[in-house]
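Hi everyone, thanks for making time today. I'd like to walk you through a structure that may be new to you, so please have a look at it with me.

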Amino acid sequence: MSVPVRKFDAVIVGAGGAGLRAAIQLSEAGLRTAVISKVFPTRSHTVAAQGGVAASLGNSEEDHWHWHMYDTVKGSDWLGDQDAIEFMCRKANEVVIELEHYGMPFDRLDSGKIYQRPFGGHMSNFGEKPVRRSCAAADRTGHAMLHAMYQRNVKANTQFFIEWMALDLIRDEEGDVVGVTAMEMETGEVFVFHAKAVLFATGGAGRIYYSSTNAFINTGDGVGMAARAGIPLEDMEFWQFHPTGVAGAGVLITEGVRGEGGILRNASGERFMERYAPNAKDLASRDVVSRAMVTEINEGRGCGPNKDHVMLDITHLDPATIMKRLPGIREIGIQFAGVDAIKEPLPVVPTCHYQMGGIPTNYNGEVVVPKDGSPSVPVKGFYAAGECACASVHGANRLGTNSLLDLLVFGKSSGESMVEFIKAQPAAHKPLPANAADFSLSRINRLDNQKSGAAVGATRLAMQRTMQAHCGVFRFKDMLAEGVSKILEIEKMAAVTEIQDKSKVFNTARLEALELDNLIEVAKATIVSANARTESRGAHVRDDATDTPERPDGRDDVNWLKHTLWHREGNKLEYKPVNMKPLTVDTIALKKRAY
Amino acid sequence: MDEAANDQTVNMGRLRWHCRRGLLELDLVLQRVIDRGLLEELSEQQRAELFELLHYDDITLLAIVSGRAECEEPRLKGMVDLLRSV
């Protein structure tokens, strides 16, 4: 069946920070550039980023990109590629100043320079003391960034396809990427976007977890499409969690609540942190608190009908103190937990926040796969940037404010790579394969004709609960293995989802079913990769890989200093070396990650 | 916004899709509206007003929904009250 074809030089899927930054590069180079987005660009999840963007501008005190690089390698627990990390930290000042020139309203010093504030993990002089490195626009940095870059794109004549959902990557017989299929929500019609180069900038997939800070749009569409197109996924076992999100909602409760005297309690009301951290108690570090919470839940001392959360109690505090120091928390409790924190404890659970792994790329934004004995060969015409990509700069754990930097640096570098690639191509596009849209059409056809299938919402919930229980912030050997079996069963349900509404116009049931196809790929990649990695590193912490003199904090550099690559075909795993060689400086040598 | 305000026939699916936001807090509030079947109870005029309200950027809309800010369009008060009440 033939479908309409739209032809562009470049097609970008996703209009968050990375997609918009890349689009500027392409459109300003005079290339015909299309950006496909499920939602209006300024409604992308980048809007939620508050902390700022890291750059060693040194506006308030001495700073250096090499110190930033050291912090990032250490934060990554040495799983980040040191060439990509050097590239990112060296480019930081340039991309921040460019953004300033696009009209980004950064906070400023009296001198007029960009104001910078300290942020966890960012230090001066190779880990010596905290440094002011984060550039922010009040608490709405992501929001301001999206607006500045969207306006720049409008000026540059980028063509936006808003409320369109990309469905599948199109590769020709040689494996080169020549476009994507996408559905116009307003009509339900499928189109082919024929391009010389395609960039995925679709963000993370935090919605694979039951408790997630991610907006509902974060369904890993690019990651799922890449997996279906035969691209392996890198380091998907690494997800950053926050200890206290509102159970069942995911909205973050700041650590300041425990700082003000908040106490974590289990089902019997016990202050359980006294057992895990007798001195620091509820003020122990994030990972210690998260592990204790999960242990309580796993050992049957969780609260609620499903025993799946614990309680954060501030009822013993003076209401006047709560109203004065924690007014936002009372508002969040009432709005998202149905609880007045002055009178009742808040239900909380460790909550998924950020995806460190993704589509494997190099620091030029080129998607790379193992081929002919080489671990990283570029796929012609295919690029990825931002949270959906794995460059890999975050390795096993991301530092705060490095996510906005990631999307600026690699949005720009992938845009530059695409410009160079496209300009080197013949004037005519590579031909589309004859069956370019068949796979996408067959998926939609399957949905339209499915009988006696599984409900989308129930299947998604089963996946989310399984991932939360079996592959959350603290992982247990037996539960991981059991979780793999469960997810593979849920995959069978996801393959036969059924929707009642078969209409074409803005059929949200169909859209959610198509999103679930992407989520399930991410869930499989995550739990299969996590089950196999028998060490603890960064955000991947297992009960059977504990602290020993040979393996500090359970990290096993002898066997596991390597990137995971998960292949959809047969759930096969392979590994590739971490790049320990920076571009110009000496290797930052392995050591225990201690703060 | 004028275009939306004058559109008396906002498609229900489109309205539902516009409830997908960049901020989780807004997703949660708007999902309650959907789950409780409140969209179906709205008149066409009210749907157009909600559609218009959803044109605000996420930061501004969350401030309005949380009661930290007031909507600059008094005629949208009914829909603001709806989102604050769920």
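Let me begin with a question: are helix 5 of chain A and helix 15 of chain A roughly parallel or roughly perpendicular to each other? Keep in mind as you look that this is a predicted model. The axes of helix 5 and helix 15 of chain A come within 8 Å and cross at roughly 75 degrees. An angle from 65 to 115 degrees counts as roughly perpendicular, so these two helices of chain A are roughly perpendicular to each other.

Who makes that contact? From helix 5 of chain A we have A:Asp221, A:Val223, A:Gly224, A:Met225, A:Ala227 and A:Arg228. Facing them from helix 15 of chain A are A:Glu515, A:Asp517, A:Asn518, A:Leu519, A:Glu521, A:Val522 and A:Ala525. Sorted by class, that contact has six nonpolar, two polar and five charged residues.

Let's stay with helix 5 of chain A, which covers residues 221-228. Is this helix enclosed or open? Seven of its eight residues are buried, so helix 5 is largely enclosed by the rest of the structure. The buried ones are A:Asp221, A:Gly222, A:Val223, A:Gly224, A:Met225, A:Ala226 and A:Ala227. Just after this helix, A:Gly230 takes a positive phi of about 90 degrees.

Now to the nonpolar core. The largest one has 202 residues, and the residues with the most contacts inside it are A:Ala10, A:Val11, A:Leu199 and A:Ile359.

Over to chain B. Its secondary structure comes to seven helices and zero strands. Chain B has 86 residues, of which 38% count as buried. Among its contacts with a separation of 6 or more, 70% are between residues 24 or more positions apart.

Chain B has a crossing of its own to show you. The axes of helix 5 and helix 7 of chain B come within 9 Å and cross at roughly 75 degrees, and these helices are therefore roughly perpendicular to each other. Helix 5 of chain B brings B:Gln46, B:Glu49, B:Leu50 and B:Leu53 to the contact, while helix 7 of chain B brings B:Gly78, B:Met79 and B:Val80. By class, that is four nonpolar, two polar and one charged.

In the loop between helix 4 and helix 5 of chain B you'll find B:Ser43. Is B:Ser43 buried or exposed? It counts as exposed, because it has 9 C-beta neighbours inside 10 Å, and the cut-off for exposed is 12 or fewer. B:Ser43 and B:Leu54 are 11 residues apart in sequence and 16 Å apart in space, C-alpha to C-alpha.

Finally, how do the chains meet? Their contact takes 17 residues from chain B and 25 residues from chain A. On the chain B side, helix 2, helix 3 and helix 6 each supply at least two residues. That side of chain B divides into five nonpolar, four polar and eight charged residues.

Conventions. Residues are numbered from 1 along each chain as its sequence is written. Chains are lettered from A and ligands numbered from 1 in the order in which they are written. This is a predicted model: local features need pLDDT of at least 70, side-chain atom pairs count only at pLDDT 80 or more; totals for chains, interfaces and linings use all residues. A nonpolar core is a set of buried Ala, Val, Leu, Ile, Met, Phe, Trp, Tyr and Cys residues joined through C-beta atoms within 7 Å. A residue is buried if 20 or more other C-beta atoms lie within 10 Å of its own, exposed if 12 or fewer, and partly exposed in between; C-beta atoms are placed from the backbone. Two residues are in contact if their C-beta atoms, placed from the backbone, lie within 7 Å. Helices (H or I, at least four residues) and strands (E, at least two) are DSSP runs, numbered from the N terminus. Ala, Val, Leu, Ile, Met, Phe, Trp, Tyr, Cys and Pro count as nonpolar, Asp, Glu, Lys and Arg as charged, and the others, Gly among them, as polar. Axes are lines fitted to C-alpha atoms, for helices over the stretch in contact, and angles run from 0 to 180 degrees between N-to-C directions. Angles under 35 degrees count as roughly parallel, over 145 as roughly antiparallel, 65 to 115 as roughly perpendicular and the rest as oblique.
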